[in-house]
Amino acid sequence: AWISVKERLPDEETAHVLLRVDRIDEQSTWDIGLYEHVDKRWIHRLSQRYSCTVTHWMPLPEPPK
C-alpha cells in the first residue's frame, strides 16, 4: 500500500522504493528512488530533469527466486 510522505519516510536501512511523483509540467507519475536521510531529500531519475514533488512511496516487492 502507498505511504504518504507526510505520514512517514522510509527507514535509513531501506534502499530503493517505488515513488508517486507530482510533476509540475505533467500529470502524476511514478519512479524508483531513495530517500537520503543526511540531506533530507529524495533521489530519483525524474528529479534530475524536472521540478517535481514526491507525495507517496511504497517498498519494492521481493525479487523473484
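Buried means under 20% relative accessible area, exposed over 50%, and partly exposed in between, computed with a 1.4 Å probe and protein chains only. By that scale Asp39, at 46% relative accessibility, counts as partly exposed. The model is predicted, so local features need pLDDT of at least 70 and side-chain atom pairs count only at pLDDT 80 or more, whereas totals for chains, interfaces and linings use all residues. Residues are numbered from 1 along each chain as its sequence is written, and side-chain values use heavy atoms, with hydrogens and water left out.

**Sheet and hairpin**

- Five strands make up an open, antiparallel sheet in the order 1-5-2-3-4; strands are DSSP runs (E, at least two residues) numbered from the N terminus, and two of them pair if DSSP finds at least two bridges between them.
- Strand 1 (3–4) and strand 4 (41–44) are the edge strands, each pairing on one side only.
- Strand 3 and strand 4 run antiparallel and are joined by four bridges.
- These two strands form a hairpin with four residues between them, and Lys40 in the turn has a positive phi of about 50°.
- Within this pairing, Ile43 in strand 4 is the bridge partner of Leu34, and Tyr35 stands opposite Trp42.

- One aromatic pair is present in the structure; rings of Phe, Tyr and Trp (its six-membered ring) pair if their centres lie within 6.5 Å, with planes under 30 degrees apart counted as stacked, over 60 as edge-to-face and the rest as tilted.
- The pair is edge-to-face because the rings of Tyr35 and Trp42 have their planes at 65°, with centres 5.0 Å apart.
- Tyr35 and Trp42 are both buried.

**Salt bridges**

- There are three salt bridges, each defined as a side-chain nitrogen of Lys or Arg within 4 Å of a carboxyl oxygen of Asp or Glu.
- Arg45 forms a salt bridge with Asp31, the closest N and O atoms being 2.6 Å apart.
- Since Arg45 lies in the loop between strand 4 and strand 5 (52–59) and Asp31 in strand 3, this pair ties together parts that are 14 residues apart in sequence.
- Arg45 is exposed at 55% relative accessible area, whereas Asp31 is buried at 1%.
- Glu36, Asp39 and Arg41 are linked in a salt-bridge network.
- Glu36 counts as partly exposed at 23% relative accessibility, as does Arg41 at 43%.

**Nonpolar surface patch**

- Trp2, Trp30, Ile32 and Leu60 form a nonpolar patch on the surface, with about 400 Å² of accessible area together.
- Patch residues have over 30% relative accessible area and no salt bridge; nonpolar side chains (Val, Leu, Ile, Met, Phe, Trp, Tyr) are joined within 5 Å, and like charges within 9 Å.
- Accessible areas come from the Shrake-Rupley method with a 1.4 Å probe, and for residues only the protein chains shown count as cover.
- Trp30, one of the patch residues, is found in strand 3 (residues 29–36).
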